[in-house]
Amino acid sequence: MGRQHASEITSLSAVDQLAKELQSLKSASGLTYARISERTHYAKSSWERWVNGKQFPPRDAVESIASVCEGDAEHLLALWHLADSFRVTISAPNALSAGPLDHPPSACPHRRQAVILRRLVLLGLGLAAGAGLATAGRRPRRPSS
């Protein structure tokens, strides 16, 4: 197997650390997934996936479990941001990384999609403008008499 980049190793450990912290918080609270689900707007099955590290949790869920289980929300959210920033960096293709005039890529997938869509629209407008300029300088042929 190939070597892992430092960012991949950090990302995995940050994501794993977040799951470990969520597991510890849940265990210390004594609450079941069903109880946590009742006190939040997330399903029991979602909590099981997030706490066991099977799926990355949304930020709101981390805030919710910190509140319900009386955990350190600031610590959990800092860990979530660290894990999410590495997760986004690794999964984002280089061609879509932010340019000097763009905002940095966001953790929100909808925002990333908006950036991609904006770039495609600008590309299309540029091509259309170029085609318009190319044809604007041409004079129509006059029929030969």
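Tutor: Let's take the labels one at a time, starting with the ground rules. This is a predicted model, so local features need pLDDT of at least 70 and side-chain atom pairs count only at pLDDT 80 or more, while totals for chains, interfaces and linings use all residues. Residues are numbered from 1 along each chain as its sequence is written, and side-chain values use heavy atoms, with hydrogens and water left out.

Student: What makes Trp 47 buried?

Tutor: Buried means under 20% relative accessible area, exposed over 50%, and partly exposed in between (1.4 Å probe, protein chains only). Trp 47 has 1%, so the label is buried. Tyr 42, at 14%, counts as buried too.

Student: And why is Thr 32 called partly exposed?

Tutor: Its relative accessibility is 42%, so Thr 32 falls in the middle class. Thr 32 is found in the loop between α1 (6-29) and α2 (33-39); helices here are DSSP runs (H or I, at least four residues), numbered from the N terminus. Thr 32 is 15 residues from Trp 47 in sequence, and the C-alpha atoms are 9.7 Å apart.

Student: How do you know that Lys 54 and Glu 48 form a salt bridge?

Tutor: The rule asks for a side-chain nitrogen of Lys or Arg within 4 Å of a carboxyl oxygen of Asp or Glu. For Lys 54 and Glu 48, the closest N and O atoms are 2.7 Å apart, and the pair qualifies. Lys 54 is exposed at 58%, whereas Glu 48 is partly exposed at 24%.

Student: How many salt bridges does that rule give?

Tutor: The count comes to 3. Glu 38 and Arg 35 are one of the pairs, with N and O 3.2 Å apart. Glu 63 and Arg 59 also meet in a salt bridge, at 2.9 Å from N to O.

Student: What separates Glu 38 from Arg 35 along the helix?

Tutor: About one helical turn, because they are 3 residues apart in helix α2. Glu 63 and Arg 59 are 4 residues apart in helix α4, so about one turn separates them as well. An α-helix has 3.6 residues a turn, so residues three or four places apart point the same way.

Student: Which residues of helix α4 are buried?

Tutor: In α4 (residues 59-68), they are Ala 61, Val 62, Ser 64, Ile 65, Ala 66 and Val 68. Just after α4, Glu 70 takes a positive phi of about 55°.

Student: What makes something a nonpolar core?

Tutor: It is a set of buried Ala, Val, Leu, Ile, Met, Phe, Trp, Tyr and Cys residues joined through side-chain atoms within 4.5 Å. The largest one here has 23 residues, and Leu 18, Trp 47, Ile 65, Cys 69 and Leu 76 have the most contacts inside it. Helices α1, α2, α3 (44-51), α4 and α5 (73-91) each supply at least two residues of this core.

Student: Why is the pair of Tyr 42 and Trp 47 called edge-to-face?

Tutor: Rings of Phe, Tyr and Trp (its six-membered ring) pair if their centres lie within 6.5 Å; planes under 30 degrees apart are stacked, over 60 edge-to-face, and the rest tilted. The centres of Tyr 42 and Trp 47 are 5.7 Å apart and the planes are at 85°, so the pair is edge-to-face. The whole structure has 4 aromatic pairs, and ring pairs link Tyr 42, Trp 47 and Trp 50 into a cluster.
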